[in-house]
Amino acid sequence: MELRWWQRRAIYQIYPRSFADASGDGVGDLRGIVDRLDYIASVGVGAIWLSPFYPSPMADFGYDVADYTDVDPVFGTLDDFDELVEQAHRRGLRVVVDWVPNHSSDQHPWFKESRASRDSARRDWYVWRDPAPGGGPPNNWERAFGIGPAWTFDEQSGQYYLHSFLPQQPDLNWENAEVEAAMHDVLRFWLRRGVDGFRIDVIQKLAKDPELGDNEPELRHDEDWPAIHDRLRRIRAVVHEFDDRMLVGEVYIFDLRRLASYVSTGDELDLAHNFVFLHLPWDAQAIRASVDDFVELAGSIAWPAWFLSNHDHPRVASRFAAVPGSGERRARLAALLTAAMRGTPFVYQGEELGLPDAEIPPDRVVDVDGRDPERAPIPWQPSSVAGPGVGFTSGEPWLPIVADADRLCVEAQDADPDSTLAFVRRLLALRADVEALQGGSQRSVDTAPGLFCFLREDDGARLLVALNFTSGSVQLALSEEVGDSAEVELSTSPRRAPGPADLRTLELEPDEGIVFRLR
Ligand code: NOJ
């Protein structure tokens with residue numbers, strides 16, 4: 001099977017505010033990313049995905065877009081963006097950008113015009129409704145981020161407008177063909193500038209019940225409406241006006257069957273972020289069951305995407321830490337799990353360092369939804385070398401720096417062959433080197449409780465991946481004859497060297513993961 005670029009290599013998510021600040025204002029920017037492209041390439045990923053850098057009042061840190069075709073001055077200019085694309089491509093890195101089609105900022109000229117009066121030419125670009133007969137919001141839909149209706153009353157025109165997220169993020173009306181055409185043109189704008197793909201924000205929200213029926217216990221009317229699939233096909237058609245591009249959707253729904261329907265027909269998304277997987281407990285059985293389910297549902301057409309963290313969820317090292325030290329070990333195990341399975345791995349910036357969440361004192365909280373800890377800046381250098389900005393900024397960082405930055409920073413890990421960074425580099429190099437880890441088939445193998453084991457096979461090459469999800473040592477007890485002798489290719493543990501291993505007696509260390517080559 002001929003694999004596409006986005007199937008072979010991992011995709012690295014950059015949250016631009018927190019990656020690297022070249023201007024010294026305490027907020028990361030596009031120049032900062034350009035300066036660090038060699039580092040990104042050295043990790044071994046094949047592409048970067050940039051969270052939004054468009055002009056924005058930052059009520060939701062860029063997911064409230066006030067102009068879809070420009071760069072916010074805090075991040076730089078369109079020239080900086082062009083330079084970033086050119087420099088990334090020169091290093092063999094593809095560039096994926098975030099497209100936020102469900103809602104704009106309330107400061108977008110489209111919304112200002114829409115809001116101006118009931119007769120405005122763009123009134124219908126957003127979703128306006130009269131109050132319910134007895135007064136109050138038009139239906140029972142709720143917004144994300146806190147409790148409350150997804151509707152805000154506009155005194156001036158006497159109607160409510162819909163916002164699935166903050167009141168500052170009004171939902172665009174995708175029932176209106178002009179809106180659809182305008183948003184398609186946004187895609188073309190960035191495609192012409194050379195981007196290789198898009199991550200689509202909350203794609204399931206792009207089709208809602210046009211009758212605005214109340215949500216019911218068993219049926220949501222405010223997302224995932226059947227029209228989504230035709231809308232996605234039309235989006236794909238736009239992207240396919242250009243060569244070799246990719247679409248990954250944030251499909252925030254918790255039904256694997258519905259999730260799979262966004263990727264399984266071959267003419268919608270290329271990849272779907274699987275939030276069922278992200279929310280699983282740290283439990284081998286639960287993970288195996290969910291992986292098996294998705295692999296079966298995906299069938300032969302859909303290609304999975306695997307990830308366990310992004311800018312909206314606590315980091316692996318904090319979320320899954322059991323005993324002291326296990327956080328970093330589990331970050332390595334998570335990296336191995338996501339990179340060794342069949343599918344495209346996503347690496348959120350800082351996961352390759354095993355970073356924990358940062359402590360955010362109450363007076364430094366800036367996000368509306370408690371997501372500051374996982375958005376703390378990347379520590380590049382020890383404070384003894386670079387001062388309190390740890391190489392992220394020469395100014396005052398917009399969020400606090402993580403604890404232990406001197407030990408966890410890039411410069412320190414770069415110099416340590418036993419570091420998490422060194423492990424992730426070996427892991428991604430192995431994946432790049434071994435075809436079976438890219439296109440090979442995947443099959444789970446029964447083993448001891450607490451372990452998740454699977455085989456990757458391709459053209460006679462066979463690899464066994466064994467992952468210990470417990471904080472104790474566990475003997476590998478394969479119920480199936482996969483052969484006794486194997487070579488350890490890679491382990492998350494610095495104590496286990498590559499070389500021959502006996503699968504009958506092998507014991508995994510706490511939180512250890514191993515890739516074996518079977519003879
Ligand atoms: C998902 C994004 O990842 C998140 O950061 C944002 O707040 C919401 N969508 C709304 O755009």
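Student: What relative accessibility does Glu-489 have, and how is Glu-489 classed?

Tutor: Glu-489 has 25% relative accessibility, so it counts as partly exposed. The classes run as follows: buried is under 20% relative accessible area, exposed is over 50%, and partly exposed is in between, with a 1.4 Å probe and protein chains only. Two notes on the source. The model is predicted: local features need pLDDT of at least 70, side-chain atom pairs count only at pLDDT 80 or more, and totals for chains, interfaces and linings use all residues. Residues are numbered from 1 along each chain as its sequence is written, and side-chain values use heavy atoms, without hydrogens or water.

Now the partner. Glu-489 and Arg-517 meet through their side chains in a salt bridge, 2.6 Å from N to O. A salt bridge here is a side-chain nitrogen of Lys or Arg within 4 Å of a carboxyl oxygen of Asp or Glu. Glu-489 sits in strand β16 (residues 485-491) and Arg-517 in strand β19 (residues 513-518), so the pair links distant parts of the chain, 28 residues apart. Helices (H or I, at least four residues) and strands (E, at least two) are DSSP runs, numbered from the N terminus. Arg-517 is partly exposed too, at 31% relative accessibility.

Why can such pairs form? Side chains of opposite charge can pair when their charged atoms come close.

Turn to another pair. Arg-188 and Glu-241 form a salt bridge, 2.8 Å from N to O. Arg-188 belongs to helix α6 (residues 177-192), while Glu-241 is in the loop between α7 (227-239) and β8 (246-251), so the bridge ties together parts 53 residues apart in sequence. Arg-188 is buried, at 18% relative accessible area. Glu-241 is partly exposed, at 46%.

A further pair joins Arg-462 and Glu-457, with their closest N and O atoms 3.1 Å apart. Arg-462 is partly exposed, at 23% relative accessibility. Glu-457 is also partly exposed, at 23%.

Some charges join a network. Salt bridges link Asp-60, Asp-312, Asp-367, Arg-371 and Arg-375.
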